[in-house]
Amino acid sequence: MVAITGASGAVYGVRMLQVLSQLDDWESHLVISSSGALTALHELTMRRPEIEALADVVHNVRDIGASIASGSFQCDGMVIAPCSMRTLAAVAHGLADNLITRAADVMLKERRRLVLLARETPLNLAHLRNMTAVTELGAIVAPPMPAFYNLPGTIDDIVNHTVGRTLDLFNVEHAGLLQRWQGLKKTAALVKESVSREHLISI
């Protein structure tokens, strides 16, 4: 399941859906909040129907009676990308007041994987305590922080890396999204070469 809420970073949820739509063995279920749809329109100029077309099944955020609101619905987990601080707080305190937070609550009670791409900065004490609370409940808080060891050249590189790392948490096989860490051998070789040159120059 993929949920998109009103925090900045709608691109993460959209990219997740794009990748999943290309994988034959996975069925994606989508829920978008009204704020999430508004943010996606602002940041990506994508309207709700365009985003919904990327998913196999779409649910209305107000439909508490949807299939994914029940623990009897079989799934591998849920990612909220991006996850607003409001949604984080609701999940942390068990406020199943819409389909996103209800489905997240189901993931926790059924001991299934729940990943929150929490998006806010700087963080206040309420944010931090809510992150601690959901972690204690069994969720994974994975803020979409860019990695630079892979030397990203574009925003797409940064987004794809986060999406790839998130899919890793669900054991979803993917290719081409990220460069996996191979250690510092190459860097060490460059340092050694640089030191050797400096030594020659000093001689």
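Mentor: A helix here is a DSSP run of H or I with at least four residues, a strand is a run of E with at least two, and both are numbered from the N terminus. The model is predicted. In the protein there are eight helices and six strands, and along the sequence they follow the pattern β-α-β-α-α-β-β-α-α-β-α-β-α-α.

Trainee: Where is the place of Ser28?

Mentor: Ser28 sits in the loop between H1 and strand S2 (29–32).

Trainee: Why is Ser28 called buried?

Mentor: Buried means under 20% relative accessible area. The relative accessible area of Ser28 is 3%, so Ser28 counts as buried. With neighbours within four places in sequence left aside, Ser28 is in contact with Leu17, Leu20, Leu54, Ala55, Asp56 and Val57. Two residues of H1 that are themselves buried, Leu17 and Leu20, are among those contacts.

Trainee: How do you know that H1 is mostly covered?

Mentor: Count its buried residues: eight of the 11 are buried. They are Ala10, Tyr12, Gly13, Val14, Met16, Leu17, Val19 and Leu20.

Trainee: What makes H1 roughly perpendicular to H2?

Mentor: The axes of H1 (residues 10–20) and H2 (residues 34–44) cross at roughly 90° and come within 9 Å. Angles of 65 to 115 degrees count as roughly perpendicular, and therefore H1 is given that label against H2.

Trainee: Which residues of H1 and H2 meet?

Mentor: Ala10, Val11 and Val14 in H1 meet Ala40, Glu43 and Leu44 in H2. The residues of this contact divide into five nonpolar, no polar and one charged.

Trainee: Why is helix H5 described as largely enclosed by the rest of the structure?

Mentor: H5 covers residues 99–109, and eight of its 11 residues are buried, so the rest of the structure largely encloses the helix. The buried ones are Leu99, Ile100, Thr101, Ala103, Ala104, Val106, Met107 and Leu108.

Trainee: What lies at the start of H5, and what follows H5?

Mentor: At the start, a side-chain oxygen of Asn98 comes within 2.9 Å of the backbone nitrogen of Ile100. After H5 comes Arg111, whose phi is positive, near 60°.

Trainee: Why is the pair of Tyr149 and Trp181 called edge-to-face?

Mentor: Rings pair if their centres lie within 6.5 Å, and planes over 60 degrees apart count as edge-to-face. Here the centres are 5.3 Å apart and the planes stand at 75°, so the pair is edge-to-face. The count of aromatic pairs by this rule comes to one.

Trainee: Why do Tyr149 and Trp181 count as partly exposed?

Mentor: Buried is under 20%, exposed is over 50%, and partly exposed is in between. Tyr149, at 41%, is therefore partly exposed; Trp181, at 48%, is partly exposed too.

Trainee: How do you know that the side chains of Tyr149 and His161 make a polar contact?

Mentor: The cut-off for the N or O atoms is 3.5 Å, and the contact between these side chains is at 3.4 Å. Not counting residues up to four places away in sequence, Tyr149 touches His161, Gln179 and Trp181.

Note on methods
Residues numbered from 1 in each chain as written. Predicted model: local features only at pLDDT ≥ 70, side-chain atom pairs only at ≥ 80, totals over all residues. Heavy atoms only, no water. Axes fitted to C-alpha atoms, helices over the stretch in contact; angles between N-to-C directions. Parallel < 35°, antiparallel > 145°, perpendicular 65-115°, else oblique. Contact = heavy atoms within 4.5 Å. Nonpolar A, V, L, I, M, F, W, Y, C, P; charged D, E, K, R; others polar. Buried < 20%, exposed > 50% of the residue type's maximum accessible area, 1.4 Å probe, protein only. Phe/Tyr/Trp six-rings, centres within 6.5 Å; stacked < 30°, edge-to-face > 60°. Polar contact = N/O pair within 3.5 Å; in protein donor to acceptor, adjacent residues only side chain to side chain.
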